[in-house]
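Subject: Handover of a structure, with notes

Dear colleague,

I am passing a structure on to you with this email, and my notes on it follow directly below. Please read them with the coordinates open beside you.

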Amino acid sequence: MRVTSKNNSKIKLIRSLHQRKYRTQTGLFVVEGLHGVIEALNHPERIEMIVVCYDLLKSARGCDALNRVSASIPVLELDVALFSSIMTCAKPQGIAAVVRQHWLSLGCIPDAQDSLPDEGLWVALCDVQYPGNLGTILRTCDAVGAAGVIVLGNATDPYHPTAVRAGLSAYFTQNLVQTDHETFADW
């Protein structure tokens, strides 16, 4: 579907997802760039839509990724100006995805004594403030085979665009839990 108006409802939705309030309300976030979209395509059940600008998407890998998109996933085609206006990257790669967030509750985490050694590694982050740091920690947890990250307190949003760029594919391999300090201590 070719979209040309900045007033299109899907364009307004994507633009709104740069704000935490709307990411929280909708349960969606934006994955920008080819690497992130390729990872998202491994979890098509979480994808709401693909956004593409063919004038910016020049690589063969990008075209291959688009060929993998299921017919049930809407694809929005935008021109360079409109695509660039709704992305946060300084040099957009011409492809993005709107994806559903994935949260678990503390109750879903197995007790340490009931877990196998490689299933029980969780990292708890206390009041982390910088989205890039949170994304980097997620990516590190992915690299070492952790099960997930527990975000405590008044922390930055793990689905902030800067965190998502820093976290790369970890958003599709790591579990996320968000809770307050008291609930965590009781748990």
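L168 is found in the loop between α7 (161-167) and β7 (175-179), where helices (H or I, at least four residues) and strands (E, at least two) are DSSP runs numbered from the N terminus. Although L168 is not a glycine, its phi is positive, at about 50°, and with a relative accessibility of 38% the residue counts as partly exposed; here buried means under 20% relative accessible area, exposed over 50%, and partly exposed in between, with a 1.4 Å probe and protein chains only.

Before going further, please note that this is a predicted model, in which local features need pLDDT of at least 70 and side-chain atom pairs count only at pLDDT 80 or more, while totals for chains, interfaces and linings use all residues. Residues are numbered from 1 along each chain as its sequence is written, and side-chain values use heavy atoms, with hydrogens and water left out.

A second residue with such a backbone angle is D127, whose phi is near 50°, again a positive value in a residue other than glycine. D127 is found in the loop between β5 (122-126) and α6 (131-144), and it is partly exposed, with a relative accessible area of 31%.

The helix α6 comes next. The buried residues of α6 are P131, G132, L134, G135, L138 and C141, and they pack against β5, β6, α7 and β7. Just after α6, G145 takes a positive phi of about 80°.

Q174 is in contact with this region, since contact means heavy atoms within 4.5 Å and, leaving aside residues up to four places away in sequence, Q174 touches L138, C141, D142, A146, A147 and G148. Q174 is found in the loop between α7 and β7 and is buried, with a relative accessible area of 5%. Its C-alpha atom is separated by 20 Å from that of T26, a residue 148 places away along the chain.

On the strands, β6 and β7 pair in the parallel sense over five bridges, two strands being paired if DSSP finds at least two bridges between them. The chain crosses from β6 through α7 to β7 in a right-handed β-α-β crossover, that is, with the strands pointing away from the viewer, the path from the first strand over the helix to the second runs clockwise. Within this pairing, the bridge partner of L152 is T179 in β7. T179 is buried, with a relative accessible area of 14%, and, residues up to four places away in sequence not being counted, it touches L106, I150, V151, L152, G153 and F184.

Which residues touch the most other members of the largest nonpolar core? They are F29, I50 and Y171, in a core of 34 residues, where a nonpolar core is a set of buried Ala, Val, Leu, Ile, Met, Phe, Trp, Tyr and Cys residues joined through side-chain atoms within 4.5 Å. At least two residues of this core are supplied by each of β1 (28-32), α3 (34-41), β2 (47-52), α4 (60-67), β4 (95-100), α6, β6 (148-152) and α7, and the largest share, five residues, comes from α3. A second, separate core of 17 residues includes L17, L28, L76 and M87.

Finally, a search of the whole structure finds five aromatic pairs; rings of Phe, Tyr and Trp (its six-membered ring) pair if their centres lie within 6.5 Å, with planes under 30 degrees apart counted as stacked, over 60 as edge-to-face and the rest as tilted. F29 and Y159 form a tilted pair, 4.5 Å centre to centre with 45° between the planes. F29 lies in strand β1 and Y159 in the loop between β6 and α7, so this pair ties together parts that are 130 residues apart in sequence. Both F29 and Y159 are buried. The rings of Y159 and Y171 have their centres 5.5 Å apart and their planes at 50°, so that pair is tilted, and both of these residues, Y159 and Y171, are buried. Ring pairs link F29, W103, Y159 and Y171 into a cluster.

With best regards
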